[in-house]
Amino acid sequence: MRITDVTVEMVDLPAQPPFRWRSGLPGSEPAVVGGVLRVHTDEGLVGEAHTRRGLIVSDLVDRRIRADLTGRDPLMRELLWQRLWELDRIEELPIYALGLVDVALWDLAGKAAGMPVHRLLGAYRSAVPAYASTVTFGSVEEYLDVADQCLEVGYPAIKLHGWGDPRRDAELCQKLRAHVGDDVPLMYDGSAGFDLADAVYVGRALSEVGYLWYEEPMREFSVTAYRWLAEQVDVPLLVAETSDGAHLNVGDFIAAGTAGRVRTSAQYKGGITGALRIAHLADSYQLRAEVHGTGVVNAHLCMAIPNTTYYESLVYANPVVRESSVDANGLVQAPTAPGIGFDQPSW
């Protein structure tokens, strides 16, 4: 089997329902041109991957990717993964684009084998609990109301995205703990909004009330700054969500002693192949590798990675609407279709 073409179908995506992130970050997106990247073969099998950045990805395919992949064996995923990293050296590929071809190749391989991708990866579980990952709401009272709704619809754990104000966010986190009690796992995501001093302030507040993890409080450029933070707070840091370099950069975070847990994902770590590298690296050090983001690709990763805890399910609105893939018991079941199973768009 050989690759005959790589294409990107443009798809007009409507504006997202309105929601906010922390101060300084844009929230919901307006209408955009997305894309479906497809890897075609001479045996008629086609693998695909979805992106919200269709124009950018189409340009990369036209200028670099198609010519490099055409004629190659699509089942030699490791070779092709390495090829994309070679192209990254001259293109500085956007982090979200680096793994798209890899996802499409895994989709193709699953279809060729007649198996869902997580079984090709070596399935570990058939269901995983999902935590409710909030957007940014208007007040402490609204967050508490949203938390109650999340628990009522079946989510067993909650992660906050706050306002990006260290004192307000610290107060919010402590009030949520008092509100839900000690038995509900709680997490907090700083969305890289703080410098070191403010990150320490929030981290100490989280430590006092037993948060499960403290995620990306600072931009992930300086491993040294994260080491200093880890030395000053007791809450476990969840690190390396958006750092470039996949397993190579995550290795530095671990070696520096910053990692209570590490982030992995197809979107930010070079596809499924990169995500697995990080999971295995973390497992070598008895660390959890927590899968970042929603969607069917990440569901496959959650089923295949033994040292992960939850599936991340975004809660965009109040009233809370539970994600369709999460059942009333707060579980995501393993996908069953061959390949990735893009039975609905994964934008």
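Residues are classed by relative accessible area: buried means under 20%, exposed over 50%, and partly exposed in between (1.4 Å probe, protein chains only). Helices (H or I, at least four residues) and strands (E, at least two) are DSSP runs, numbered from the N terminus. The model is predicted, so local features need pLDDT of at least 70 and side-chain atom pairs count only at pLDDT 80 or more, while totals for chains, interfaces and linings use all residues. Residues are numbered from 1 along each chain as its sequence is written, and side-chain values use heavy atoms, with hydrogens and water left out.

Helix α3 was examined for burial. Of its 14 residues, 11 are buried, so α3 is largely enclosed by the rest of the structure. The buried residues are Leu100, Val101, Asp102, Val103, Ala104, Leu105, Trp106, Asp107, Leu108, Ala109 and Gly110. From first C-alpha to last, α3 reaches 20 Å. This is close to the 20 Å expected at 1.5 Å a residue, where the expected span is 1.5 Å times one less than the number of residues. Gly114 follows α3 and has a positive phi, near 70°.

Cavities were searched next. Rolling a probe the size of a water molecule over the atoms shows where empty space is left. On a 1 Å grid over the protein atoms alone, a cavity is a set of points where a 1.4 Å probe fits but cannot get out; lining residues have an atom within 4 Å of a point. Grid points are joined across faces, edges and corners, and a volume is the space filled by probe spheres set on the points. Three cavities of 30 Å³ or more are present. The largest share, four residues, comes from α2. Seven lining residues of the largest cavity are nonpolar, none is polar and one is charged. Here Ala, Val, Leu, Ile, Met, Phe, Trp, Tyr, Cys and Pro count as nonpolar, Asp, Glu, Lys and Arg as charged, and the others, Gly among them, as polar.

Charge pairs were then listed. Side chains of opposite charge can pair when their charged atoms come close. A salt bridge is a side-chain nitrogen of Lys or Arg within 4 Å of a carboxyl oxygen of Asp or Glu. The whole structure contains 22 salt bridges.

One of them joins Arg63 and Glu91, with the closest N and O atoms 2.8 Å apart. Arg63 lies in helix α1 (residues 54–69) and Glu91 in helix α2, so the pair ties together parts that are 28 residues apart in sequence. Arg63 is partly exposed at 42%. Glu91 is buried at 17%.

A second salt bridge pairs Lys111 with Asp107 (3.0 Å, N to O). These residues are four apart in helix α3 and are therefore separated by about one helical turn. Lys111 is partly exposed, at 33% relative accessibility, whereas Asp107 is buried, at 1%.

Salt bridges that share partners join Lys159, Asp189, Glu215, Glu241, Arg263 and Glu312 into one network. Lys159 is buried, with a relative accessibility of 0%. Asp189 is buried too, at 3%.

Key:
1 Å grid on protein atoms, 1.4 Å probe; cavity = no way out; pocket = protein on both sides within 12 Å on 5 of 7 lines; lining within 4 Å.
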